[in-house]
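Thanks for passing this one along. Here are my notes, in the order in which I went through the model.

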Amino acid sequence: MSTGPNPAGAEGAGGYEYIREGAEIYRRSFATIRAEAELDGMPPEVAGVAVRMIHACGMVDLVGDIAWSPNAVLAARAALRGGAPVFCDAAMVAAGVTRRRLPADNDIICTLGDPQVPQLAQELGTTRSAAAMELWRDRLEGAVVAVGNAPTSLFRLLEMVDAGAGKPAAVLGLPVGFIGAAESKQALADHPELEHLVVHGRRGGSAMAVAAINAIASEQE
């Protein structure tokens, strides 16, 4: 059933009038975000990532919570073009990355389901999400890291870097929740040598992390 004028690209078959063309939905969505979100204070490359993240969550006020280091997006983009792997803290993040957007058929790695992880977590006295980071050490240098779920993962990553593990090209710190999320992202933002992009506060999540990676991987909206 229609509740208003028939928009361009809409069809009425089946009783509902709505836009059915995926490309048109994307175009209108991004145009709406750019009209409503206050992106003026962002460099263009960061604004492009912010638009995708807002698209993933539907909250244009997200802009106020996004913080970044000066070269975060460009460093991550250059790393991907150079073939760097993408490390993800959650399978949902890894599954959401659009492979065709990746510039160098980059590896997407999530070790949370590795059979070593439960024992590692027990030995380290931490969560499985944090223990899974231990399996990243050999390829962490120059990688792109996306943390979209567990604050303990982000805290552990920072501990590993502080202890001499390889430094990622950039870290997307987007864990979500009420315990440790805001604190872990502030800790990343306070880490001067790590290129980073964060959403301060409780908001974050796998969808935002996926959106950020996809935006960095390809500038095409």
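1. On overall dimensions, this predicted model has a radius of gyration of 19 Å, which agrees with the value near 17 Å that a compact globule of 221 residues would have. Along the principal axes, the C-alpha atoms fill a box of roughly 60 × 35 × 35 Å.

2. If you look at contacts with a separation of 6 or more, 64% of them join residues 24 or more positions apart.

3. Now for burial and surface. Of the 221 residues, 49% are buried. The chain exposes about 10600 Å², and 52% of that area is supplied by carbon and sulfur atoms.

4. Which residues touch the most other members of the largest nonpolar core? They are Met-53 and Leu-197, in a core of 45 residues. Helix α9 (residues 206-217) gives the most to this core, contributing nine residues. Apart from it lies another core, of 19 residues, which includes Phe-87, Met-133, Leu-154 and Val-161. As background, nonpolar side chains tend to be buried together in soluble globular proteins.

5. Leu-197 deserves a look of its own. Setting aside neighbours within four places in sequence, Leu-197 is in contact with residues including Val-46, Val-49 and Met-53. Its partners also include Ile-66, Ala-67, Trp-68, Ala-72 and Val-73, as well as the run Val-171, Leu-172, Gly-173 and Leu-174.

6. Next, please turn to the loop between α4 (91-96) and β5 (108-109), where Leu-102 is placed. Is Leu-102 buried or exposed? Its relative accessibility is 8%, so Leu-102 counts as buried, the cut-off being under 20%. Beyond its neighbours within four places in sequence, Leu-102 is in contact with Val-97, Ile-108 and Ala-217. Ala-217 falls within the residue range of helix α9 (206-217). Another pair to view is Leu-102 and Gln-119: they are 17 residues apart along the chain, and their C-alpha atoms are separated by 33 Å.

7. Asp-105 lies in the loop between α4 and β5 as well. With 64% relative accessibility, Asp-105 counts as exposed, because the cut-off for that class is over 50%. Its backbone is worth checking on screen: phi of Asp-105 is near 45 degrees, a positive value in a residue other than glycine.

Key
Residues are numbered from 1 along each chain as its sequence is written. This is a predicted model: local features need pLDDT of at least 70, side-chain atom pairs count only at pLDDT 80 or more; totals for chains, interfaces and linings use all residues. Side-chain values use heavy atoms; hydrogens and water are left out. The radius of gyration is taken over C-alpha atoms; the globule rule is 2.2 Å times the number of residues to the power 0.38. Buried means under 20% relative accessible area, exposed over 50%, partly exposed in between (1.4 Å probe, protein chains only). Contact means heavy atoms within 4.5 Å. Accessible areas come from the Shrake-Rupley method with a 1.4 Å probe; for residues, only the protein chains shown count as cover. A nonpolar core is a set of buried Ala, Val, Leu, Ile, Met, Phe, Trp, Tyr and Cys residues joined through side-chain atoms within 4.5 Å. Helices (H or I, at least four residues) and strands (E, at least two) are DSSP runs, numbered from the N terminus.
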